[in-house]
Every structure is written in structure tokens, then in C-alpha cells.
Amino acid sequence: MYWNSKDVSVFIEQKEFVDTAVIPLLLIDGQASQLKQNASSAEFLMALTAFIENQFKGRVVLMPPITYTKKSNYQQLAEEWTETLSEMGFKHLFFVSSDMAWGTEASELNVIYTPSIPLENMDQKLRQSVLDDQLRQIIPVFANRWAKNGQ
């Protein structure tokens with residue numbers, strides 16, 4: 001499910017089954033030298049999280065991305081979102097990022113780090129293969145956390 005009025009209506013009706021929020025974390029770095037890399041990472045992350053949503057349809061809601069800068073307080077940002085989404089009834093939160101800076105917070109904040117892979121020059125078949133490979137690495141993380149919490 002996506003964060004839109006139609007899917008949120010289903011979420012409200014099916015809260016006991018739709019217990020997981022997936023939140024992309026997108027870095028916006030103001031340095032001119034980083035703009036293309038940031039945009040490429042955002043494209044990859046949005047494609048990957050949409051793919052995750054598709055694979056776990058009926059269990060997850062793909063939230064709008066959180067955009068942040070290097071000056072953001074990562075801990076505070078994640079805590080605020082965790083509190084808000086928990087109040088909404090989500091039992092499981094998965095932040096997904098291609099920014100290694102989240103690595104120090106990863107286990108504590110449920111951040112899944114995945115290296116960014118440039119998709120812009122790939123044909124659809126190769127792009128699908130890359131996303132499949134990334135998803136195969138992420139599925140065990142979801143399964144372990146769901147099992148750990150008895151879900």
C-alpha cells in the first residue's frame with residue numbers, strides 16, 4: 001500500500017494485517033558535486049522501496065520519503081517518525097537508506113542500509129534483476145524482525 005487516500009482507507013480497515021511501515025531516507029546534500037549522486041541514490045531507493053511494497057502488498061505501507069541534510073539530527077528525526085508511526089498503529093518500522101551515515105544508527109533505529117546502484121542507464125530487464133537481487137538480501141531482514149516480534 002502507498003500513502004494515498006485510497007490505500008490509507010484500506011489500512012484503517014485492515015490495521016491488524018497491515019502492521020509495517022517502510023520509510024525511505026533520502027539525503028539532500030547542497031554541494032554541487034553531490035547533486036547527481038543524491039538524485040541517483042533517490043531514484044534507486046524509491047524504486048527499491050516500491051518493489052518492497054509490491055512484494056509485501058497487504059502487509060506494508062510505503063510512506064513518503066523523509067528528506068534530510070547532513071546537518072539533520074538523525075537520531076531525533078528517526079525517533080520523531082518512530083513515535084508518530086507507532087501512534088498510528090504500525091508495529092514494525094523499516095527505514096531504508098543508501099547513506100552510510102545511518103549505519104551507526106542502523107540497529108537501534110531499524111535502518112536497513114543498502115548501497116545505491118545507479119539505475120538511470122539500465123534497460124528494464126537489468127534494472128529488474130538488480131532490484132530482485134537487492135530484495136533477496138532485504139527479505140531476511142524483514143522476516144527476522146517480524147519473527148523476533150512474534151508477527
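The side chain of S98 reaches the backbone oxygen of T114, at 2.9 Å. This is a predicted model. S98 sits in the loop between β4 (92–97) and α4 (106–109). S98 has a relative accessible area of 17%, so it counts as buried; the cut-off for buried is under 20%.

Another polar contact involves E53. Its side chain joins that of K57 at 2.9 Å. E53 belongs to helix α2 (residues 35–55). With 1% relative accessibility, E53 is buried.

Now the salt bridges. The structure has five. One of them pairs D19 with R59, with 2.7 Å between the closest N and O atoms. This pair links distant parts of the chain, 40 residues apart. D19 is in the loop between α1 (5–13) and β1 (20–27), and R59 is in the loop between α2 and β2 (60–62). D19 is buried, at 2% relative accessible area.

R127 bridges to E43, and here the closest N and O atoms are 3.6 Å apart. R127 lies in helix α5 (residues 124–148) and E43 in helix α2, so the bridge ties together parts 84 residues apart in sequence. E43 is partly exposed, at 32% relative accessibility.

Helix α5 also holds both D133 and R136. Their side chains form a salt bridge of 2.3 Å, N to O. The two residues are three apart, about one turn of the helix. D133 is partly exposed at 35% relative accessibility, while R136 is exposed at 55%.

Last, the surface. E79, E80, E83 and E87 gather there in a patch of negative charge. E80 is located in helix α3 (residues 74–87). E80 is partly exposed, with a relative accessible area of 40%.

Notes: Residues are numbered from 1 along each chain as its sequence is written. This is a predicted model: local features need pLDDT of at least 70, side-chain atom pairs count only at pLDDT 80 or more; totals for chains, interfaces and linings use all residues. Side-chain values use heavy atoms; hydrogens and water are left out. Patches are made of residues with over 30% relative accessible area and no salt bridge: like charges are joined within 9 Å, nonpolar side chains (Val, Leu, Ile, Met, Phe, Trp, Tyr) within 5 Å. Accessible areas come from the Shrake-Rupley method with a 1.4 Å probe; for residues, only the protein chains shown count as cover. A salt bridge is a side-chain nitrogen of Lys or Arg within 4 Å of a carboxyl oxygen of Asp or Glu. Lys and Arg count as positive and Asp and Glu as negative; His and the chain ends are not counted. The place of a charge is taken as NZ of Lys, CZ of Arg, CG of Asp or CD of Glu. Helices (H or I, at least four residues) and strands (E, at least two) are DSSP runs, numbered from the N terminus. Buried means under 20% relative accessible area, exposed over 50%, partly exposed in between (1.4 Å probe, protein chains only). A polar contact is a pair of N or O atoms within 3.5 Å; within protein, one must be able to donate a hydrogen and the other to accept it, and residues adjacent in sequence count only if both atoms are side-chain atoms.
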